[in-house]
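Morning, everyone. Please have a look at the chain on the screen, and I'll walk you through a few places in it.

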Amino acid sequence: MEPITLTTRRLLLRPFGPRDTYRVHAACQDPDIQRWTVIPSPYRLTDAELFTAKLAPAGWRDDSSYSFALVLPETGTLVGALGIDRRSRPGTYEVGYWSTKEHRGRGYVTEAVLGSARWAFTALRADRLEWRAEIGNQASRAVALRAGFRLEGDQRSGLLNKGVRRDAWTAALLPSDLGLPGAHPYLPERHAERPGGTPDSGR
């Protein structure tokens, strides 16, 4: 796919490129980003160069992942990053993100998640957008919940981070959650047994 730029109320979501190398490197010195994401730690300039010049563009070329720099249109300031990755199951993608330390708490990433989700459900014809984060990553969980993701449970050994497998929270967003049609009809099971053995009455 040719790289594209998305526009939200306050942000531009544009493809990463070599011009972003130093800004990505600076942002990823934040201990919280290194702790909770799967980026290398320590994060060297060569890691940023690899991502901005090779990995991010390659994802667009082979339709495996779509990486966006979240920037303020007035100044070009980098406020975060977001990626949508294709999963092995048809119509299923996964979203991941981080925010620069000085721009947290302003709702930028939630805005970007919603904008990219609408794009995924329309342009990519996604039927399901998944989110995973290591249990304990409250900031990422808060963004997912604000964006309308529905928690689906805990996943034992669900995330590999820096050579260690960790338990993960999982959640999903569907086109219907945003009032959009799906690529395929969805028939939810209204009478499935819920945790604790109580059937859903459908009410």
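First, a cut-off: a residue counts as buried when its relative accessible area is under 20%. Keep in mind that this is a predicted model.

Start with L70. It sits in strand 3, residues 65–71. Is L70 buried or exposed? Its relative accessible area is 0%, so L70 is buried. L70 touches residues from elsewhere in the chain, among them L12, L13, V79, V109 and A112.

D20 touches R14, P15 and T52, leaving aside residues up to four places away in sequence. Where is D20? In the loop between strand 2 and helix 1. D20 has 0% relative accessibility, so it is buried too.

Now helix 4, residues 108–122. How far apart should its ends be? At 1.5 Å a residue, its 15 residues should span 21 Å. The end C-alpha atoms are 22 Å apart, so the two values agree. Helix 4 is also mostly covered, with 13 of its 15 residues buried.

On to the cores. In soluble globular proteins, nonpolar side chains tend to be buried together. Here, the largest nonpolar core has 35 residues. I84 and F149 have the most contacts inside it. Which element gives the most to this core? Helix 4, with nine residues. As for F149, its contacts include V95, V113, W131 and A171. There is a second, separate core of 14 residues, including A48, A56, V71 and A81.

That's my tour. Thanks.

Technical notes. Residues are numbered from 1 along each chain as its sequence is written. This is a predicted model: local features need pLDDT of at least 70, side-chain atom pairs count only at pLDDT 80 or more; totals for chains, interfaces and linings use all residues. Side-chain values use heavy atoms; hydrogens and water are left out. Helices (H or I, at least four residues) and strands (E, at least two) are DSSP runs, numbered from the N terminus. Buried means under 20% relative accessible area, exposed over 50%, partly exposed in between (1.4 Å probe, protein chains only). Contact means heavy atoms within 4.5 Å. The expected span of a helix is 1.5 Å times one less than its number of residues. A nonpolar core is a set of buried Ala, Val, Leu, Ile, Met, Phe, Trp, Tyr and Cys residues joined through side-chain atoms within 4.5 Å.
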